[in-house]
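Biologist: I would like to learn how to read helices and loops in a model like this one. Could you take me through it, one feature at a time?

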Amino acid sequence: MSASGGCSIVWFRRDLRVEDNPALAAGVRAGAVVAVFIWAPEEEGHYYPGRVSRWWLKQSLQHLDSSLRSLGTALVTKRSTDSLSPLVDIVKSTGATQLFFNHLYDPISLMRDHRVKEVLTAEGIVVRSFNADLLYEPWEVHDDLGQPFSTFAPFWNKCLSMPYDPAAPLLPPKRIVSGDTSLCPSDVLVFEDESEKGSNALLSRAWAPGWSNADKALTTFINGPLIEYSVNRKKADSATTSFLSPHLHFGEVSVRKVFHLVRLKQVVWANEETEAGEESVNLFLKSIGLREYSRYTCFNHPCSHEKPLLTHLKFFPWRVDESYFKTWRQGRTGYPLVDAGMRELWATGWLHDRIRVVVSSFFVKVLQLPWRWGMKYFWDTLLDADLESDALGWQYISGTLPDGRELDRIDNPQFEGYKFDPHGEYVRRWLPELVRLPTDWIHHPWDAPESVLQAAGVELGSNYPLPIVEISTAKARLQDAILQMWGQEAASRAAMENGTEEGLGDSSESPPLIAFPRDIQMDVDTEPVRNDDNNNNTNVNANNTNLVRRYQDQMVPSITVSSFRFDEEPSMSSGTSVEDHRPHVPSNINVWAELQREAINQRAPLMARNTIGRQNIPEFIEESSRSSGGSRRERDGGLVPVWSPATSSQSEQFVGEETGLSSSSSYLARRPQPHQVVNWRQLSQTGPRGWEVDNAVQPNAIG
């Protein structure tokens with residue numbers, strides 16, 4: 001028991017397992033345990049969990065509760081609009097004297113956890129937190145100068161050469177003594193409405209959430225597909241990956257356990273001189289490293305889910321075109337590999353990591369839509385939706401990372417199709433209208449002879465659209481946009497220099513932030529879509545802002561007639577339409593902005609002149625013993641992590657490697673301008689605008 005005789009609260013979040021759970025282990029060591037899960041999605045603001053993500057969470061919580069009951073206790077569930085209030089109530093009703101939880105690293109969680117610690121500590125409650133989501137804490141990994149890394153390759157090399165190994169996975173407890181929960185009954189948590197149940201029922205045929213099922217999936221992968229991972233991972237038309245990312249996101253399996261078991265396999269294959277196995281292990285561990293790096297980046301750059309890390313990218317002129325956005329998400333772009341990927345995403349909540357790269361690259365390079373729109377749609381529709389990983393992936397694709405893909409690189413979906421789906425089986429599975437098209441034409445049907453199209457039953461512009469825009473046109477537009485970006489960046493820099501010379505400080509202003517699209521009906525057009533420059537697609541009837549979000553069974557959108565044409569100007573108007581109940585981007589959720597305003601009001605931001613641009617970020621001040629460059633290790637518990645980012649550093653060059661982030665020459669090497677990483681230390685007091693939504697992994701799933 002604890003020193004004061006009270007019980008301990010173990011607060012579950014994205015660590016839904018009993019194995020290798022440091023917070024649970026600490027609670028069991030302390031004595032009686034009250035296991036708690038609080039469902040407060042309003043705290044997430046714009047990132048309210050999507051339908052498939054909520055389905056997974058429901059199943060995982062049921063699995064966790066069953067496991068806890070078998071060990072001697074039960075999971076207390078609470079529904080609230082914030083996490084702090086029910087925690088305070090549970091402390092009072094149970095007489096708890098300690099709170100244990102595991103770290104999260106996204107900015108909303110950091111703010112919330114710091115506030116929870118402040119309030120409960122002031123009430124005399126001992127609050128301890130632990131690392132259960134990473135191999136190493138973000139403040140443990142730094143360069144020789146004690147500064148955070150700004151590129152992936154040196155970060156991951158440092159992780160692999162740390163003087164101490166990641167902590168060994170903990171065994172599950174044999175028994176849990178339950179605290180008295182008679183005065184804090186559980187609330188019934190509702191994760192789905194009636195319109196969602198039909199679609200959700202289909203998910204259980206392919207997925208088995210829960211920590212013990214995650215352990216089985218890990219064992220199956222290591223003893224099977226892992227050895228051929230380096231060869232098969234690019235195949236989009238077969239199950240060649242680990243499918244572990246949803247389990248990892250919800251904390252059903254420990255990343256430390258994955259790392260240790262894979263490293264053990266690596267030793268075996270090294271002794272057997274199995275070169276294919278060793279290469280596969282290195283590539284798979286790199287995907288683990290990218291997940292680590294996503295949290296590392298989010299911790300050191302807490303606005304990375306909103307703003308580009310390279311300062312000049314904030315001047316990129318994104319095309320704010322909701323008709324393009326709708327066409328992309330419905331899988332009607334006219335490029336078969338892109339459309340197949342978007343149909344699969346909508347139907348299953350899953351995408352192969354290579355297809356994620358293809359559809360996201362098309363989104364930002366060909367359509368030039370704001371990358372955060374795409375990131376938000378991934379968040380709404382993916383089973384493994386993960387804010388940190390998605391932010392890193394979309395920034396990589398958009399060229400907004402120091403080591404991201406080249407901004408001026410456009411991947412041709414036709415060539416990508418023959419690379420990742422050489423026989424066209426993936427396209428045929430998700431585009432039934434092209435099922436009879438020969439493989440020679442499956443990835444570029446617009447080039448097929450009319451006789452071939454007729455034999456296959458394909459009528460371009462009718463039952464399958466023509467490409468929404470030609471690749472050559474997209475390349476020209478992208479080059480124009482890059483030139484415009486450099487011009488605006490130069491003008492901004494000149495303004496700053498003039499302001500500095502006049503003693504006025506930073507005289508530049510960041511470009512207006514691009515908001516998410518409004519709540520609109522995502523309809524399927526039943527009449528031809530035509531170009532109409534006089535029609536403003538962003539002009540939405542005010543009545544639509546109050547639409548109730550509804551979901552029906554996931555279906556491939558019915559396409560009757562569609563006259564998509566090679567388009568020099570992308571503005572398109574929609575004809576008469578019927579409702580397509582796809583998840584849409586919310587605009588009426590203001591919790592995020594309120595959280596930021598509260599944080600700004602409670603903690604005065606540090607004022608400093610930013611030679612790059614003003615960033616409005618609240619400063620969080622924690623005990624001086626814990627900083628981002630510190631060497632302190634807390635294996636048995638420690639302080640709630642808070643932001644203590646390092647000063648800005650000169651950005652390194654972009655790369656365009658298909659396999660991930662590294663360092664190679666790119667278009668930045670041809671530019672004389674300085675390209676700096678945003679300095680998050682230098683903040684302003686100009687109000688809450690910096691917290692508004694800006695323009696929307698490598699979007700990689702683990703495996």
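Modeller: Gladly, and let's begin with handedness: a crossing is left-handed if the near helix is turned anticlockwise from the far one by less than a right angle, and right-handed if clockwise. Helices (H or I, at least four residues) and strands (E, at least two) are DSSP runs, numbered from the N terminus. Here, helix 12 passes helix 15 in a right-handed crossing. Before we go on, note that this is a predicted model, where local features need pLDDT of at least 70, side-chain atom pairs count only at pLDDT 80 or more, and totals for chains, interfaces and linings use all residues. Residues are numbered from 1 along each chain as its sequence is written, and side-chain values use heavy atoms, leaving out hydrogens and water.

Biologist: At what angle do helix 12 and helix 15 pack?

Modeller: Axes are lines fitted to C-alpha atoms, for helices over the stretch in contact, and angles run from 0 to 180 degrees between N-to-C directions. For helix 12 (residues 322–329) and helix 15 (residues 371–381), the angle is about 35 degrees and the axes are 12 Å apart.

Biologist: Which residues in helix 12 and helix 15 meet?

Modeller: Contact means heavy atoms within 4.5 Å. Helix 12 brings Glu 322, Phe 325, Trp 328 and Arg 329, which meet Trp 373, Gly 374, Tyr 377 and Phe 378 of helix 15. The residues of this contact divide into 5 nonpolar, 1 polar and 2 charged, where Ala, Val, Leu, Ile, Met, Phe, Trp, Tyr, Cys and Pro count as nonpolar, Asp, Glu, Lys and Arg as charged, and the others, Gly among them, as polar.

Biologist: Which residues of helix 10 are buried?

Modeller: Buried means under 20% relative accessible area, exposed over 50%, and partly exposed in between (1.4 Å probe, protein chains only). In helix 10 the buried residues are Val 255, Arg 256, Lys 257, Val 258, Phe 259, Val 262, Gln 266 and Trp 269. An α-helix has 3.6 residues a turn, so residues three or four places apart point the same way. The cover over the buried residues of helix 10 includes helix 1 (22–30), helix 5 (152–160) and helix 11 (275–300).

Biologist: What span should I expect for helix 11?

Modeller: The expected span of a helix is 1.5 Å times one less than its number of residues. With 26 residues, helix 11 should span 38 Å, and its end C-alpha atoms are 37 Å apart, which agrees. Helix 11 is also mostly covered, with 20 of its 26 residues buried. Helix 10 (residues 255–271) has 17 residues and reaches 24 Å, close to the 24 Å expected.

Biologist: And what happens at the ends of helix 10?

Modeller: At its start, a side-chain oxygen of Ser 254 reaches to within 3.0 Å of the backbone nitrogen of Arg 256. After helix 10 comes Glu 273, whose phi is positive, near 55 degrees.

Biologist: Where is Asp 20 placed?

Modeller: Asp 20 sits in the loop between strand 1 (8–12) and helix 1. Although it is not a glycine, Asp 20 has a positive phi of about 50 degrees. Asp 20 counts as buried, at 1% relative accessibility. Gln 368, in the loop between helix 14 (353–366) and helix 15, is not a glycine either, yet has a positive phi of about 55 degrees.

Biologist: Is Lys 92 buried or exposed?

Modeller: Lys 92 counts as exposed, because its relative accessibility is 65%. This residue lies in helix 3 (residues 84–94).

Notes: Polar contact = N/O pair within 3.5 Å; in protein donor to acceptor, adjacent residues only side chain to side chain.
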